[in-house]
Amino acid sequence: MHNALNQSISPPSRADCEQLDQSDPLAHWREAFELPDGVIYLDGNSLGPLPRTTRERVLKCVSDEWGRDLIKSWNTAGWMDLPAKVGAEIATLIGARADEVVVADSTSVNLFKVLSAAVKMRPDRRVILSEKGNFPTDLYIAQGLTDLLDAGHELKLVEREEIPAAIDASVAVVMLTQVDYRTGSRLNMKEITSLAHEVNAVAIWDLAHSAGAIPVDLNNANADFAVGCGYKYLNGGPGAPAFLFVASRHADSFTQPLSGWMGHKKPFEFGTDYEPATGVARYLCGSPPVLSMVALDSGVQVMTKAVIGHGMDAIHAKACRLADIFLDRLLAEDNPFGLTRLTPHDVHERGSQASLSLPDGDQAYAVVQALIAEGIIGDFRAPNIMRFGFAPLYLSHLEVYDAAEKLLQIMRDETWRQDRFLTRQAVT
Ligand SMILES: *Cc1c(COP(=O)(O)O)cnc(C)c1O
């Protein structure tokens, strides 16, 4: 199985793809999503599509819970429990215990909270280790915290290959993103966490491109903290709240600085002094965004049902197969356009996306825009990367084949040279 996935001898034909769709046990999950006609959606890694159940669920929340039952709904509709309830569902996707995960705020804010706690766990050390290519918000948050602490902390950034060697006894916290947002390559969470623990450093993992995309086992890897996104592979909707994980062995030992009332032991006693709640609940800050929470709840439930039915290994295996059909098609023949595959071949070393670079960044940007104009939605990442997400619950092999054909056609016909494709927009 492993080999068959890694070494595609000759790329499948269009007819092969039709065959693959017919025998695909995941094919029926497409019905769980609302996708517009004429669109091949290869951007679920940036914003997952709308699950059908979510429309109903949000409408019910608006009209019955908010509109009719008003403030009673905090109790009667379980609004107050949403951060823990949705956290417990997400826990099943990331190898965590139900009481180790909560949903709140954004990934950036959650990273601030867990990084603050982690730094406090190693008061005699000053180095936060990460990689240069980490997602910028992670680095910005670490810079902001370092500034705020004003205690000589240093954010040390190394190249990806240099991470293991850089983990030494000066390091307080190793803060990494498991799946690289640009290339889709995956770090070995268990190995790196173990290296961190050998020198008594704390390990924080950002699972933005992992949760709902690959098998994740935080407790098997002995991770200390983790954060991740609700709006990508969990299909929680634009700006969906994020999640955070705190290993139960740490949950009651440290506090985080955003000590808002929702993380208080007894918020409705309205005492003057902050007393942290027990467990991961102390990582909550303010009131949960209920409309966004119910949308996320519904999105996560689609994912957890699919995982119960098929297993995350099978779901990720299909993502890799789809990505390889796409990449192999583009890189077959003589590759006259100078495309370079950035995504690893081995299923254990990758996420669910596929990335290619072109020698010229402006061209890469324009090709993606020309594809979007044809209804094939991927995205561009500076400086010269075309990035495509292969969410296996709603994509077919045939769509992926056709998307590759269209990309080749755009390159051959040089459609991308039109001015409207070359002008950069604010969100790429
Ligand atoms: C998408 C992403 C985020 C997003 O952070 P927000 O605060 O939710 O906007 C954070 N980290 C990584 C690695 C990401 O890919």
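**Aromatic pairs and a nonpolar patch**

A search of the whole structure finds 10 aromatic pairs. Keep in mind that this is a predicted model.

Let me take one pair. The ring centres of Y41 and Y394 are 6.5 Å apart, and the planes meet at 35°. Why call this pair tilted? Because 35° falls between the two cut-offs: under 30 degrees would be stacked, over 60 edge-to-face. A pair of aromatic rings is described by the distance of the centres and the angle of the planes.

Where do the two residues sit? Y41 is in strand β2, residues 40–41. Y394 is in the loop between β15 (385–389) and α15 (397–413).

Now, buried or exposed? Y41 has a relative accessible area of 14%, so Y41 is buried. Y394 is at 3%, and counts as buried. The cut-off for buried is under 20%.

Another ring, another contact. K232 lies over the face of F135. The distance to the ring centre is 5.4 Å.

Last stop, the surface. There is a nonpolar patch of about 500 Å². Which residues make the patch? V62, W66, L70, I71 and L291. Look at L291. L291 lies in helix α12, residues 290–310. The relative accessible area of L291 is 35%, so L291 is partly exposed. A patch residue needs over 30%, and L291 has 35%.

Key. Residues numbered from 1 in each chain as written. Predicted model: local features only at pLDDT ≥ 70, side-chain atom pairs only at ≥ 80, totals over all residues. Heavy atoms only, no water. Patch = residues over 30% accessible without salt bridge, like charges linked within 9 Å, V, L, I, M, F, W, Y side chains within 5 Å. Areas by Shrake-Rupley, 256 points an atom, 1.4 Å probe, with all protein chains shown as cover. Salt bridge = Lys/Arg side-chain N within 4 Å of Asp/Glu carboxyl O. Helix = DSSP H or I, 4+ residues; strand = E, 2+ residues; numbered from the N terminus. Buried < 20%, exposed > 50% of the residue type's maximum accessible area, 1.4 Å probe, protein only. Phe/Tyr/Trp six-rings, centres within 6.5 Å; stacked < 30°, edge-to-face > 60°. Lys NZ or Arg CZ within 6 Å of the ring centre and 35° of its normal.
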